[in-house]
Every structure is written in structure tokens, then in C-alpha cells.
Amino acid sequence: MFCPTCAANNPEDTNFCRACGASLEAVALALSGQLPITDKPAPTPADKWATLRSRAINRLAQGAILTVSSLLVGLALGLFWKNKDWMIIWLIFFGWVGGWGVIQLALGLGGLLESKLMLRHLNASSAPSGATTRTLSE
């Protein structure tokens with residue numbers, strides 16, 4: 001049996017290549033006709049759209065929660081902390097959370113715009129030529 005990685009000749013009962021260490025199990029199964037066939041269907045464009053949209057909504061929610069919680073902690077520190085250096089403490093411990101939240105918000109908005117364009121493309125490609133259809137978002 002020849003290794004698919006390095007083409008070294010190995011005995012038939014070997015599980016790993018003696019030259020490079022690659023697994024020979026798939027080769028042995030294929031030679032014996034026992035290789036399992038996995039027919040996993042490819043995702044449809046509608047599935048891709050739904051995944052993209054749900055990921056974008058998830059990022060928007062995470063970004064909003066992170067940003068608002070960081071601002072609330074900063075507000076609480078500003079109102080109830082007696083020292084004047086509350087801003088430095090907030091920046092060190094909670095400011096980065098707000099920055100991370102803003103980045104998540106931007107990624108979520110970008111994902112929503114991308115999903116809207118994808119939906120428009122899906123609706124345009126599924127419509128008969130010359131026909132006008134309403135999109136799902138209208």
C-alpha cells in the first residue's frame with residue numbers, strides 16, 4: 001500500500017506510514033471497498049442567508065450588551081466614586097469592554113447589510129425573467 005502523502009511503500013497491515021507517519025486507514029478502507037460514503041448535502045443559498053443573518057443579529061446583541069454595560073459601569077463610577085481618578089480606573093478595567101462592544105456592533109451591522117444584499121440577490125435570481133416580485137423584506 002502506497003502512502004498518499006509521501007508515496008512510500010508500506011505493508012498492507014500498517015495503520016501509519018513508516019516514512020512520514022500519515023494515517024493509512026482511509027487508504028486501507030478504500031482498497032477494501034469499505035470506505036463510508038457521506039452524502040452531506042451542500043447548504044442552499046437560503047441556508048447561507050439564514051446563517052449569515054443570525055450571526056449578524058447575534059453580534060449586534062453582543063455588541064449592544066457589552067457597550068451598554070461598560071457605559072453603565074462608567075456612569076456608576078462617575079456618580080459614586082469620591083476620587084477624581086475614576087476615569088482611569090474605568091478605562092483600565094471596563095473601557096476595553098466598550099471598545100469590543102463597538103467593534104461587535106460594527107460587525108453586526110455589516111453582516112446585516114450583507115444579508116440584505118444577499119436576500120435581494122436571491123430574490124432577483126429566483127424571479128422569472130421580466131417579472132417584478134416583492135422581496136421578503138418589503
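A patch, in the sense used here, is made of residues with over 30% relative accessible area and no salt bridge, nonpolar side chains being joined within 5 Å. In this predicted model, V68, L72, L75, L79 and F80 make up a nonpolar patch of this kind on the surface, and their accessible area together comes to about 560 Å². One of these residues, F80, belongs to helix α2, which spans residues 45–80, and F80 counts as exposed because its relative accessibility is 65%, where the cut-off for exposed is over 50%.

## W86 in helix α3

W86 lies in helix α3 and is partly exposed, with a relative accessible area of 23%. Leaving aside neighbours within four places in sequence, W86 is in contact with G74, L77, G78 and W81. The C-alpha atom of W86 is separated by 9.9 Å from that of L75, a residue 11 positions apart from W86 along the chain.

## S115 in helix α3

S115 is placed in helix α3, which covers residues 86–126, and it counts as buried because its relative accessibility is 2%, the cut-off for buried being under 20%. The side chain of S115 reaches the backbone oxygen of L112 at 2.9 Å, and, when residues up to four places away in sequence are not counted, S115 touches W49, L52 and R53.

## Nonpolar core

The largest nonpolar core has seven residues, namely M1, C3, A8, C17, A22, L24 and V27. Within this group, C3 is in contact with A8, C17, A22 and L24, among others, once its neighbours within four places in sequence are left aside; the contacts of C3 also include N10 and C20.

Terms used: Residues are numbered from 1 along each chain as its sequence is written. This is a predicted model: local features need pLDDT of at least 70, side-chain atom pairs count only at pLDDT 80 or more; totals for chains, interfaces and linings use all residues. Side-chain values use heavy atoms; hydrogens and water are left out. Helices (H or I, at least four residues) and strands (E, at least two) are DSSP runs, numbered from the N terminus. Buried means under 20% relative accessible area, exposed over 50%, partly exposed in between (1.4 Å probe, protein chains only). A polar contact is a pair of N or O atoms within 3.5 Å; within protein, one must be able to donate a hydrogen and the other to accept it, and residues adjacent in sequence count only if both atoms are side-chain atoms. Contact means heavy atoms within 4.5 Å. A nonpolar core is a set of buried Ala, Val, Leu, Ile, Met, Phe, Trp, Tyr and Cys residues joined through side-chain atoms within 4.5 Å. Patches are made of residues with over 30% relative accessible area and no salt bridge: like charges are joined within 9 Å, nonpolar side chains (Val, Leu, Ile, Met, Phe, Trp, Tyr) within 5 Å. Accessible areas come from the Shrake-Rupley method with a 1.4 Å probe; for residues, only the protein chains shown count as cover. A salt bridge is a side-chain nitrogen of Lys or Arg within 4 Å of a carboxyl oxygen of Asp or Glu.
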